Amino acid sequence: MGESLSPWTPSCNGSIRVELSGHRTTSDSGALLLREALDNSGVIAALEDHLVDHRDPDRVRHSLASQLRTLVLQRSMGWIDLSDTDTLRRDPLWQLACSDARGTTPLAQDRPSQATLSRLLTCLGRDDNIDTVHEGLLRLAIWRLTSLNGGERPKHLTLDIDGLPIEVHGHQGGSAFHGLYGTRIYSPLVASVAETGDMVGGLLREGNAGPAESADTWIPHLVRRLNESTGAKVKVRIDAGFTGNDTLEALEERNIEYLGRLRSNTSLQRLAAPYLKRPRGRPPEQPREWCHDLEYQADAWPSPRRVVLVVQERPDDLLLHAFFLVTNLSQFDWPPEKILALYRKRGSAEAHMGEVKSSLDVHLSSTDRGASSVQDVMARNEVSLLLSLYAYQVLHGLRCLLEQQTRQGWSLRRMREQVLKVAATLAVHARRITVHLGDAADKWWPSLLKGLPRLTALT
C-alpha cells in the first residue's frame, strides 16, 4: 500500500503525529454506492453483451465491463483523466468497486493502465460499437425514469436540445477556434428530459458546426427511441439556433410536437408593431406581459406556421419588449399563455446542462495518434463525452434518491463532497472484507441504503 515515511508533526499542535503507513484506507468509499446503482441499472451487462471486442481473448487481462466501470465510476467521483487510474492503483476500494471478481481476489489484481483505457475509447468509437454506447446512455435514463416511480413509465416527456460548447487544449482533430468563446472548442449537442433532468443523448460535432447542424436527423431519431423505450408522448423544446426550416420540417414530417424561440428579424418586427402599444392609463409598478396568437411565414418556410408573440412591459422602461415563439402545438390544448409557461421551463434544463460541465469537468483530449484520422479522433472524443453523461446519470440517480429520502435539494457537487467523499478503512479477515466508514457517513448513508433496493434493473 505504499512505503512508510518518517513521521511528521505539524507546528500548530505537537500532539499530532502524521504517518504514511500504507494501511488499507480510502477517501472514496462512495464508489461502492455508485457501483451498486450502476449494477442495478443493468447497463454494463447490456453493453458487454452487445459490444464487439476486437482483442485477442488469450491476451485479455481486463474485461470491457471492468474498464467501463473504471471510467464511469472515476468520472462520477471527480477523477476525470485517464491517468487517474494509475494514481488510484493502490486504493483498495477502487480495486473492489471496478473489478468483475468476488471475494478478496480484486485486492490482488492490477488496475487497467492509461494505455489500456485509451484503447478502450478506440474500441468503443468503432462503427460497430458507437451506436451501442449511445443506446447505453438511453438505457440509463429509462432506468432512472422508471425505477424511482414504482416501475411506472412516464406518459408525457419534454426533450430539451441545446449546445454544450467544450473547450479543448491543443489541436484535436475536428476542433476549431470560436470567436465568441475566444478559444478552440468542440460544439456537441446534448438532449435532456426537462421534467427530470436526465441526460438521454449526446452528439459530438466539429467546433465550427452551425447551431442546428445534424439536428434535423439526430433529434427525430432520439425522439423515436425515447418513445419506443418509454411509450411516452415526447415534445421537443429548442432555442432560436434550432428553429430553421430543416429542423422544423423534419419534426413536422414525423408528427413530433415542438416549441422554440425565433430569432428577431425585420419581418417579425413588422408583424409585432401593431401590438407594441401601451394600454391607456398609468402603467403599474409591476411588470406586465401579453401573448398574441399569430401566423408567420418566413422566406425559407413553404407555408405559414403558428407563432406566439410575447409583449413585455417593464417598469421605468419607455419601450415595450417583444419576442416570438414558434410551435405546432394545437391552439385548443395549448393557448398562448400555456405555450409561454412551457418555454420558460427551459431554464431548469440549462441548469442541468451547466451542472454536467461544472461538476464533471467535461473535457475532450483525444489527439491525432499515429495514423489516426479526424474521424477517429472525433469518435474517441464522442465516446468520452458519452461516458461523462453516463457518470452524470449514475450521480443523478443517487441524487434523486437522496432528495426523496431527505426532502431537500442536492447539487451533484454537494452530494459528491458530503455523501460520497467519505473516508473508510478496509480490514480483511478470513476472506471477509469489512469497510469501516468514517463519521461523515452517519448522516446520509442510512437514507441512501434504505432506498437503494428500489433501484432495480430494466427487464
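Is Ser384 buried or exposed? With a relative accessible area of 7%, Ser384 is buried, where buried means under 20% relative accessible area, exposed means over 50% and partly exposed covers the range in between, using a 1.4 Å probe and protein chains only.

## Basis of the report

The structure is a predicted model, in which local features need pLDDT of at least 70 and side-chain atom pairs count only at pLDDT 80 or more, whereas totals for chains, interfaces and linings use all residues. Residues are numbered from 1 along each chain as its sequence is written, and side-chain values use heavy atoms, with hydrogens and water left out.

Ser384 is part of helix H13, which spans residues 374-406; helices (H or I, at least four residues) and strands (E, at least two) are DSSP runs numbered from the N terminus. When residues up to four places away in sequence are not counted, Ser384 touches Arg75, His363 and Leu364, a contact being defined as heavy atoms within 4.5 Å.

Helix H12 (residues 346-360) packs with H13 at an angle of about 105 degrees, and the two axes are 11 Å apart. Axes here are lines fitted to C-alpha atoms, for helices over the stretch in contact, and angles run from 0 to 180 degrees between N-to-C directions. This makes H12 roughly perpendicular to H13, given that angles under 35 degrees count as roughly parallel, over 145 as roughly antiparallel, 65 to 115 as roughly perpendicular and the rest as oblique. On the H12 side the contact is made by His352, Glu355, Val356 and Leu360, and on the H13 side by Ser388, Leu389, Ala391, Tyr392, Leu395, His396 and Arg399. Sorted by class, the contact of H12 with H13 has six nonpolar, three polar and two charged residues; Ala, Val, Leu, Ile, Met, Phe, Trp, Tyr, Cys and Pro count as nonpolar, Asp, Glu, Lys and Arg as charged, and the others, Gly among them, as polar.

## The sheet and the helices across it

Eight strands form an open sheet with mixed pairing, in the order S7-S6-S2-S8-S9-S12-S11-S10, and two strands are taken to pair if DSSP finds at least two bridges between them. At the edges stand strand S7 (199-203) and strand S10 (288-296), each of which pairs on one side only, and the twist averages 20 degrees from one strand to the next. Strand S8 (residues 233-238) pairs with strand S9 (residues 257-261) in the parallel sense over four bridges, and Ile238 stands opposite Gly260 in S9.

Helix H7 (residues 130-147) lies across strand S2 (156-163) and S7, and runs at about 160 degrees to S7. H12 lies across S2, strand S6 (189-193), S7 and S8, running at about 55 degrees to S2.

## Salt bridges

The structure holds 22 salt bridges, each being a side-chain nitrogen of Lys or Arg within 4 Å of a carboxyl oxygen of Asp or Glu. Glu289 forms one with Arg344, with the closest N and O atoms 2.7 Å apart; the pair links distant parts of the chain, as Glu289 is in strand S10 and Arg344 in helix H11 (residues 336-344), 55 residues apart. Glu289 is partly exposed at 35% relative accessibility, and Arg344 is partly exposed with a relative accessible area of 43%.

The side chains of Asp293 and Arg306 also meet in a salt bridge (2.8 Å, N to O). Because Asp293 lies in strand S10 and Arg306 in strand S11 (residues 305-313), the pair ties together parts that are 13 residues apart in sequence. Asp293 is partly exposed at 29%, whereas Arg306 is buried at 10%. Within helix H8 (residues 215-230), Glu228 and Arg225 lie three residues apart, about one turn of the helix, and their salt bridge has its closest N and O atoms 2.8 Å apart. A network of salt bridges links Asp160, Asp162, Arg237, Asp239, Arg346 and Glu350.

## Met77

Met77 sits in the loop between helix H3 (64-76) and helix H4 (84-87), and is buried, with a relative accessible area of 1%. Leaving aside neighbours within four places in sequence, Met77 is in contact with Asp28, Gly30, Ala31, Leu34, Trp94, Arg416, Leu420 and Lys421.
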